[in-house]
Amino acid sequence: MRSPTFGSEPVISAQGLSKRYDFYRQPQGFLNALRSLVSRELTSVQAVVGLDLTVERGEIIGLLGPNGAGKTTIVKMMSGLLVPSAGELRVCGYRPAARSYPFLSQISVIFGQKAMLWWDVSTRESLKIHRSMYEIPRTEFATTVGELGELLGIAEILDTPVRNLSLGQRMRCELALALLHRPTLLFADEPTIGLDVQAKLVVRSLFQEINRAFGTTIVLTSHDMADVEALTERVVIVTGGRATFDGDLADLRTRADLPKEAVFTYRDGRIERMPIGDEPIGTLVQTAARSGELVDVKVVEPGLDEVMSAVFSESTVRP
Amino acid sequence: MSAHTARRAGSVLRSLVGQELQMIAQYRWWLVAMQASVVAVPLISLLVWRGAMANGAEPPVTRDYLTTYLVLVSLVTMLTSSWTARFLAESIRLGHLNAWLVRPCSTHLAAVANNVSEKLAKLATLLPLVAILAVPFHRDIELPAHPGRWLLFLWALIMGATMMFCFDVIVGSLAFWWDDVAAMDRFRQLAASFLSGALIPLSVMPAAWGPFLQVQPFGYAVAFPIETLLAPDVTTLGTGLAVQAAWVLLALVAARFVWVRGLRRYSGAGA
């Protein structure tokens, strides 16, 4: 079931989206704990402030920011877990906080640190429950499970209790569960956390594959810059609850304004790095050559980690 | 709820019950141990009462009534009990609810499935124990033969179980506002064990408490379902059925209200 207007509108449309958390302060010391029985201090934290964001169908965007920046809160609002304090939000043509069946059956969420699979039974049993929830016909279910089993390399472990799987195997099975109903929109929160290099590559190529094959829109939050670089063209940087950058990776590098580096390798095995400023590269090579016998010279772009670090440290950056 | 939504919920519930039964089968020994302890309390009560009556005590009910009641009470208490509050509160506090809230399915369906499947498994272990308990007292056990009375008993059980489940959802949902609902849950359990008739039949409590005992909800979870089998005349049960239905309705409305209001405050702790 699709919203009647969804075909023409963006997958995600947020205007002035805000979220404030209210909680009571934890008193320090025994006397204050006693005092708190009759009087408690209410505190508010503004987690997201006036977010404007539009995501079109088929996009893969990276929602990035330092810890506590508000990106997970944004994902939680978009997936219907949290009710926004202010602003307008429509996802797949619906108001997420209403948590309607048509909305929830179009999205999928992967929490890298929280399991969606049932712990004590096999992945196949979890998939069967999702078949009932998402009303997937039996023949389509069998086909999709076969395809996902092959694609993710989990065909052999589908009947193993989840508690007996390794972290890498479990993450692949989590992915199978998340993709079973072919969601229109996938929220992937740290999807490669704890995975080995090979498993990370599998996850990344799978995301690319489902994006290409089914036009699945993917919102990725990750601290793994290799994920971001491999998957996203567009990144939204969130700092202090505000979107401080929205653009592509090339724009982001320009914005960070970090110099390229010359990497010199010497015969004795030493490696030295020098930032390339206004000086000609030839001058740098001549300078480096005075320190020993050079065997290699490379010019490298600053890593995305450094770029992000530079951008995160700015208070507000507008493209 | 449309017929289609109900069918889908039924299908999910069937899958979840099947899965819960698989899990129970893996951890089966605690079930036997737990049911043995469930039967022990009414057995002690039964022996004490029969001993007292043999020594001249005159309770306001007959020996047959008391014996049948105490043989059935462990079964009825188990079938109408609920244990969701603690788990629900923990899910809210630790953010484990997230995994359910992003699925197109009622969060409570998992708890219902857990409740139903555990009761099925407990029934399989408790029935033989109750049968063993009944053997030495079989001459004093009087049960109706008319199937209508057993249908009424089944109805009262389902209503009692629904009410207790809703109370559990209400107490568990308080975790949306409070850090710790354990104390509230404990108070509710205390009230339920004392006022439901699980420890002592309500009919042997002081007569002056009668009006209060008839309107308070917990008696409709244990004492009243047993009463549908033991009452000499079915026409006397009309008021009880009406009061039980009213409590179930009230509990359903209150549980929904607290849940919906609480969800607005949910912070989904952690990822």
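**Three-stranded sheet, chain A**

I began with the open sheet of three strands in chain A, whose order is 11-10-12 and whose pairing is antiparallel; I take helices (H or I, at least four residues) and strands (E, at least two) as DSSP runs numbered from the N terminus, and I call two strands paired if DSSP finds at least two bridges between them. Its edge strands are strand 11 (271-275) and strand 12 (294-300) of chain A, each of which pairs on one side only. From one strand to the next, the twist averages 20 degrees, where axes are lines fitted to C-alpha atoms (for helices over the stretch in contact) and angles run from 0 to 180 degrees between N-to-C directions. I then looked up the pairing of strand 10 (residues 261-266) of chain A with strand 11 of chain A, and found five bridges in the antiparallel sense; A:Phe264 has A:Glu272 in strand 11 of chain A as its bridge partner.

**What I am reading**

I note that this is a predicted model, in which local features need pLDDT of at least 70 and side-chain atom pairs count only at pLDDT 80 or more, while totals for chains, interfaces and linings use all residues. Residues are numbered from 1 along each chain as its sequence is written, and chains are lettered from A and ligands numbered from 1 in the order in which they are written.

**Six-stranded sheet, chain A**

I next traced an open sheet of six strands in chain A, with the order 5-6-7-3-8-9 and mixed pairing. Strand 5 (107-111) and strand 9 (242-248) of chain A stand at the edges with a single partner strand each, so one side of each has no neighbour in the sheet. Neighbouring strands of this sheet are turned against each other by 15 degrees on average, direction ignored. Within this sheet I followed strand 6 (residues 185-189) and strand 7 (residues 217-221) of chain A, which run parallel and are joined by five bridges; A:Leu186 is bridged to A:Ile218 of strand 7.

**Domains of chain A**

The domain assignment, which is automatic or from a database, gives chain A a domain 1 (57-82 + 96-253) and a domain 2 (259-301). Taken over C-alpha atoms, the centres of these two domains of chain A are 42 Å apart.

**A helix pair in chain B**

In chain B I looked at helix 7 (residues 147-173) and helix 10 (residues 223-230), whose axes come within 8 Å and cross at roughly 175 degrees. The two helices of chain B are therefore roughly antiparallel, a label for angles over 145 degrees. Helix 7 of chain B contributes residues including B:Phe153 and B:Leu157 to the contact, and helix 10 of chain B residues including B:Phe224 and B:Leu229; residues are in contact if their C-beta atoms, placed from the backbone, lie within 7 Å.

**Where the chains meet**

I found 22 residues of chain B in contact with 30 residues of chain A. On the side of chain B that touches chain A, helix 1 (3-26) and helix 5 (98-101) of chain B are the elements that give two or more residues, and helix 1 of chain B provides the largest share, nine residues.

**Confidence**

The complex has an ipTM of 0.77 and a pTM of 0.80 from the predictor. The mean pLDDT (the predictor's confidence in each residue, from 0 to 100) is 85 for chain A, with 95% of the residues scoring at least 70, and 88 for chain B, with 98% of the residues scoring at least 70. Among the elements of chain A, helix 1 (residues 30-35) has the lowest mean pLDDT, 72.

Note on methods. Angles under 35 degrees count as roughly parallel, over 145 as roughly antiparallel, 65 to 115 as roughly perpendicular and the rest as oblique. Two residues are in contact if their C-beta atoms, placed from the backbone, lie within 7 Å.
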